[in-house]
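Hello,

Here is the structure I promised to pass on to you. Please open it next to this email, and then read on for what I found.

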Amino acid sequence: MVEGQREKRLQRDGRTVVARIILANTSLYDAKPAAFEFAFVLFTRDADTSEEHLALLERVAENLKAFEPNDADPAEKKLAWALETQRTTGDVIRIPERVTDGHEVYFASTPVKRRMLPHGRLTRDHLFLRVILDGDRRDVSMTEYPDSPTAGA
């Protein structure tokens, strides 16, 4: 699918969620861009920025540090590979409930769009995404922070 069509579909059919950043290209914290600026994020189906919700995502991130994949599950193997190598995947992976304490939490690696960041760099521990989570049809893309001066413009 062409990137423009993908973005239109996400804007039309997706929902906005908050995503906790668990790993980001270090250049995203500076004013100088790098060639590839991605972040690893965790998210649920909610746009909840409360301390409790972000703490839940942080606990899942901590649990992932000791993550051992089920070798019979390709998605778990891909998640473990991404975490170990710090390389991006094009997939949105549901994290096993044994790691999330029964919560529905997803992992994705997403490009970070500087034009959507306050001051053009990461200043918060979370991003907002537009997501589609429909069975095996899963997709994500960064979107503007709702409190951005240009949001909804």
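A helix here is a DSSP run of H or I with at least four residues, a strand is a run of E with at least two, and both are numbered from the N terminus. Read along the sequence, the elements of the protein chain follow the pattern α-β-β-α-α-β-α-β-β-β. That comes to four helices and six strands.

Before the details, a word on the source: this is a predicted model, where local features need pLDDT of at least 70 and side-chain atom pairs count only at pLDDT 80 or more, while totals for chains, interfaces and linings use all residues. Residues are numbered from 1 along each chain as its sequence is written, and side-chain values use heavy atoms, with hydrogens and water left out.

Now the salt bridges, of which the structure holds 15. The term stands for a side-chain nitrogen of Lys or Arg within 4 Å of a carboxyl oxygen of Asp or Glu. One of them pairs arginine 6 with aspartate 139, with 3.1 Å between the closest N and O atoms. This pair links distant parts of the chain, since arginine 6 is in helix H1 (residues 3–13) and aspartate 139 is in strand S6 (residues 137–143), 133 residues apart. Arginine 6 and aspartate 139 are both buried (under 20% relative accessible area; exposed is over 50% and partly exposed is in between, with a 1.4 Å probe and protein chains only).

Another salt bridge joins glutamate 7 and lysine 113, at 3.5 Å from N to O. Glutamate 7 lies in helix H1 and lysine 113 in the loop between strand S4 (106–111) and strand S5 (126–134), so this pair ties together parts that are 106 residues apart in sequence. Both glutamate 7 and lysine 113 are buried.

Have a look at lysine 78 and aspartate 91 too, whose side chains meet in a salt bridge of 2.5 Å, N to O. Lysine 78 lies in helix H3 (residues 74–85), and aspartate 91 in the loop between H3 and strand S3 (93–94), so parts 13 residues apart in sequence are tied together. Lysine 78 counts as partly exposed because its relative accessibility is 36%, and aspartate 91 counts as partly exposed at 31%.

Finally, of the 153 residues of the protein chain, 43% count as buried. The C-alpha atoms fill a box of roughly 45 × 30 × 30 Å, taken along the principal axes.

Best wishes
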